[in-house]
Amino acid sequence: MNQSLNVELCGKLADSYGGSVTLDISPSGLPVRELFEAVSSAYPLLAPILAGGRIRACVNETIVPDDAIIRQGDTAALFPPVSGG
Amino acid sequence: MTAFVEVKQEVFDPSVCLSQFTGRIGDEGAVVSFTGRARGQTKDGLPINALVLESYRGVTLASMQQIAADAHAKFAITASHVIHRAGRIKPLEAIVFVATASPHRRAAFEAADYLMDRLKTEAVFWKREEHANGSAWIEPTDADRSDVARW
């Protein structure tokens, strides 16, 4: 049974739709690269920036590679390039 | 090794932080500190009302702790203190403070420089300048990337 996944949007990613968006994901989860595709499809204003290759996914407070699997109940976030100092 | 890393929401006084740092360390002969302050103008000369620094849960602090650990592994420093502001910062308030200590000066200088280069490009923050005409996100520059590539 699909569940809703809340995806937090950080930094400039929050400019278009606010600080989070939701997606339905299946019990088998989905890889990060498919998460990018699903977010781009459902929230098209994010598509250009997600296609730029500089956005990273963070799952359960760990930055993960594109082949990582996001599962129901995970805490997911998308990070644009970071800048401290 | 003693690495102390903090994210602060409130204003801090770098001179007090430096004094506390030197009070905590032992008999090292070298102490280096760096303070980064919020600028008063954008690159285009517009007055800045505030710099807003967003952080993310425990990931921000963890990224800073990793950078500090790497500095201790790479240089012969005995202690370090890194403070980074988050939230809304007014011009000329301190954004970042780095202090390092070592028996001799070179390691302390280099470690402070290294810490700042890594923080600029890898610490998990997002910066937005607010000015009279709106706001703009600030990302690492090519110069920031070439600075960190030196190490």
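The following numbered points review a predicted model of two chains, A and B, beginning with their interface and ending with the folds on either side.

1. The extent of the interface. The size of an interface is often given as the accessible area lost when the parts come together. For chain A and chain B that area is about 1,700 Å², and carbon and sulfur atoms contribute 54% of it. On the side of chain A, the greatest losses to chain B fall on Val82(A), Ser83(A) and Gly85(A), which together account for 37% of what that side buries. The contact draws on 17 residues of chain A and 24 residues of chain B.

2. Three salt bridges are counted between chain A and chain B, and 14 residue pairs are in polar contact across the interface, both residues being at pLDDT 80 or more. The side of chain A that touches chain B consists of seven nonpolar, five polar and five charged residues.

3. Apart from residues up to four places away in sequence, Glu139(B) touches Lys12(A), Arg54(A), Pro81(A) and Ser83(A). Ser83(A) is also one of the three residues of chain A that lose the most area to chain B. A side-chain polar contact at 2.6 Å links Glu139(B) with Lys12(A).

4. The pair Arg54(A) and Glu139(B). Their side chains form a salt bridge at 3.6 Å, N to O. Arg54(A) lies in the loop between helix H3 (47-50) and S4 of chain A, whereas Glu139(B) lies in the loop between S8 and H4 of chain B, so the pair joins two chains. Over all chains, the structure contains 13 salt bridges.

5. The pair Glu8(A) and Arg57(B). A salt bridge at 3.2 Å, N to O, connects these two side chains. Glu8(A) also has a place in the sheet of chain A, where it stands opposite Ser20(A) in S2(A). Strand S1 (residues 3-9) of chain A is joined to S2(A) by six bridges, and the two run antiparallel.

6. The sheet of chain A. Which order do the five strands of the open sheet follow? The order is S2-S1-S7-S4-S5, with mixed pairing. Strand S2 (20-25) and strand S5 (62-64) of chain A each have a single partner strand and stand at the edges, so one side of each has no neighbour in the sheet. From one strand to the next, the twist averages 35°.

7. Pairings of S4(A). With S7(A), S4(A) pairs in the antiparallel sense over four bridges, and Val59(A) has Ala76(A) as its bridge partner in S7(A). The hairpin of S4(A) and S5(A) has two residues between the strands, and in it Asn60(A) adopts a positive phi near 50°.

8. The helix on the sheet of chain A. Helix H2 (residues 32-42) of chain A lies across S1, S2, strand S4 (56-59), S5 and strand S7 (76-79). The helix runs at about 115° to S2(A).

9. The sheet of chain B. Four strands make up an open sheet in the order S1-S4-S6-S2, and the pairing is mixed. The edges are held by strand S1 (2-8) and strand S2 (30-37) of chain B, each with a single partner strand, so one side of each is left without a neighbour in the sheet. The twist here averages 5° from one strand to the next. S2(B) pairs with strand S6 (residues 94-102) of chain B over eight bridges in the antiparallel sense, with Ser33(B) opposite Ala99(B) in S6(B).

10. Helices on the sheet of chain B. Helix H2 (residues 57-74) of chain B lies across S1 and strand S4 (79-85) and runs at about 155° to S1(B). Helix H3 (residues 105-122) of chain B lies across S2, S4 and S6, at about 150° to S6(B).

11. Leu92(B) belongs to the loop between strand S5 (87-89) and S6 of chain B. The C-alpha atoms of Leu92(B) and Arg37(B) are separated by 5.1 Å, although the two are 55 residues apart along the chain. Neighbours within four places in sequence aside, Leu92(B) is in contact with Arg37(B) and Ala38(B).

Technical notes:
Residues numbered from 1 in each chain as written. Chains lettered and ligands numbered in written order. Predicted model: local features only at pLDDT ≥ 70, side-chain atom pairs only at ≥ 80, totals over all residues. Heavy atoms only, no water. Contact = heavy atoms within 4.5 Å. Buried area = accessible area lost by both parts, 1.4 Å probe. Salt bridge = Lys/Arg side-chain N within 4 Å of Asp/Glu carboxyl O. Polar contact = N/O pair within 3.5 Å; in protein donor to acceptor, adjacent residues only side chain to side chain. Nonpolar A, V, L, I, M, F, W, Y, C, P; charged D, E, K, R; others polar. Pairing = 2+ DSSP bridges. Axes fitted to C-alpha atoms, helices over the stretch in contact; angles between N-to-C directions.
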